[in-house]
Amino acid sequence: MTTQHLTAGKNEVTFKSFGMDLAGDLYLPEGFDETKTYKAIVGASPFPQVKDQIPATYGPEMAARGFIYLGFDYLGMGDSPALPGEHKQSRYMFRLIENTWDAVSYLGTLPFVDEIYGLGVCQGGSIIASSAVTDHRIKKIAMVSGMMAADGFQWTDRNMVNQQIAASNASMQKMYETGEPDYVAPFGLNDEQSREDFVGSGVNPMAGESYDYYGRDGVKGPVAVPTYTNMHIGDQGMQSLISIGEAYADKIVQPSLTIYSSTAFTAPCSTQFVAKLTNEHEELAFDEFSHVDFYYKPEAVKASTDAVAEFFGR
């Protein structure tokens, strides 16, 4: 665990999880003073992002609003190592939760940290919601464009689900037998495609906005972010299909805020999750933004981070 002198702005840190050093960026507010205490946020990013994407956008924004923000690369992603004998780009749901618990533990060792909150975007929403069920060190949670409701979104078309499971099962078997990674493009987008080719393929209902962010020429694609790739380990579906954000919604006791686009294809992932909450919760829907707008477009990011800062600041 790093103990170097910390200053306002971005600080590169590491912390232990599964015995490995996970790479993180700790964003500290202007005028940071180690003798004072601050509210801290553990960030959770969309699948299959690294810390130079959503965390690099939301970290400075939350620090500018007076919070400490920790963004990090999960085990096997970006600058964080995979476990011995395992492959990179292996972002598995249950490990994401444990990495998050360890991130909370790390923040808990910092003498200038007061309360700890969780902020997740897209799949990060499910990670934060799931982590908070049994980690009450996290005092409040916020989900932006969150992918918490798996059933109504992922399981409606059983034929498609079974095809995804079959492909994931085959990939797992292949990797076990060969010892080599089997990389696929989960969204149908690889690192070389043009926007025209991807949108024209018709494989993704959010193709245009997805490409503008993740594509070869996108604002946070593999050219702009060298540690990122659209290729991912092929058995991911075996875990993403049993994401537990929605299943345990009624077990969450911390106050929560859910922010989403009411016009997005993914809106049911937020609304169905909210419908099952029994805690003190707030819901904020925007019809002028899309799912991916909340990742990087200034007006959408300002709307979400302002709301989160107000919610966490009470």
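In the predicted model examined here, the largest share of the lining of the second largest pocket comes from H5, which supplies 3 residues. The space in this second largest pocket amounts to about 260 Å³, and the pocket is lined by Gly85, Glu86, His87, Ser90, Tyr92, Arg95, Met172, Met175, Tyr176, Gly179, Ile233 and Asp235. Divided by class, the lining of the second largest pocket comprises 5 nonpolar, 4 polar and 3 charged residues.

Helix H5, which spans residues 158-178, also gives the most to the lining of the largest pocket, where 7 residues belong to H5. About 1,400 Å³ of space lies in this largest pocket, and of the 43 residues that line the largest pocket, Phe153, Gln154, Gln164, Pro186 and Phe187 are the closest to its centre. At least two lining residues are supplied by each of helix H3 (123-134), helix H4 (151-154), helix H5 (158-178), helix H7 (207-214) and helix H8 (237-240). The lining of the largest pocket is made up of 22 nonpolar, 19 polar and 2 charged residues.

Ala40, a residue of strand S3 (residues 38-44), has a relative accessible area of 0% and is therefore classed as buried. When residues up to four places away in sequence are left out of account, Ala40 is in contact with Ile68, Leu107, Val113, Glu115, Ile116 and Tyr117. The C-alpha atoms of Ala40 and Lys140 are 11 Å apart in space, while 100 residues separate Ala40 from Lys140 in sequence.

Across the whole structure, 17 salt bridges are found. One of these joins Asp25 to Lys10, with 3.9 Å between the closest N and O atoms, and this pair links distant parts of the chain, given that Asp25 lies in strand S2 (residues 20-28) and Lys10 in strand S1 (residues 9-17), 15 residues apart. Asp25 is buried, at 1% relative accessibility, whereas Lys10 is partly exposed, at 45%. Asp25 and Lys10 also belong, together with Lys51 and Asp79, to a network of salt bridges.

A further salt bridge connects the side chains of Asp306 and Lys302, with an N to O distance of 2.6 Å. Both Asp306 and Lys302 lie in helix H11 (residues 298-313), where a separation of 4 residues corresponds to about one turn of the helix; Asp306 is partly exposed, with a relative accessible area of 31%.

A search of the whole structure for disulfides, by contrast, returns 0.

Key. Residues are numbered from 1 along each chain as its sequence is written. This is a predicted model: local features need pLDDT of at least 70, side-chain atom pairs count only at pLDDT 80 or more; totals for chains, interfaces and linings use all residues. Side-chain values use heavy atoms; hydrogens and water are left out. Buried means under 20% relative accessible area, exposed over 50%, partly exposed in between (1.4 Å probe, protein chains only). Contact means heavy atoms within 4.5 Å. On a 1 Å grid over the protein atoms alone, a cavity is a set of points where a 1.4 Å probe fits but cannot get out, and a pocket is an open set with protein on both sides within 12 Å along at least five of seven lines; lining residues have an atom within 4 Å of a point. Grid points are joined across faces, edges and corners, and a volume is the space filled by probe spheres set on the points. Ala, Val, Leu, Ile, Met, Phe, Trp, Tyr, Cys and Pro count as nonpolar, Asp, Glu, Lys and Arg as charged, and the others, Gly among them, as polar. A disulfide is a pair of cysteine sulfur atoms within 2.5 Å. A salt bridge is a side-chain nitrogen of Lys or Arg within 4 Å of a carboxyl oxygen of Asp or Glu.
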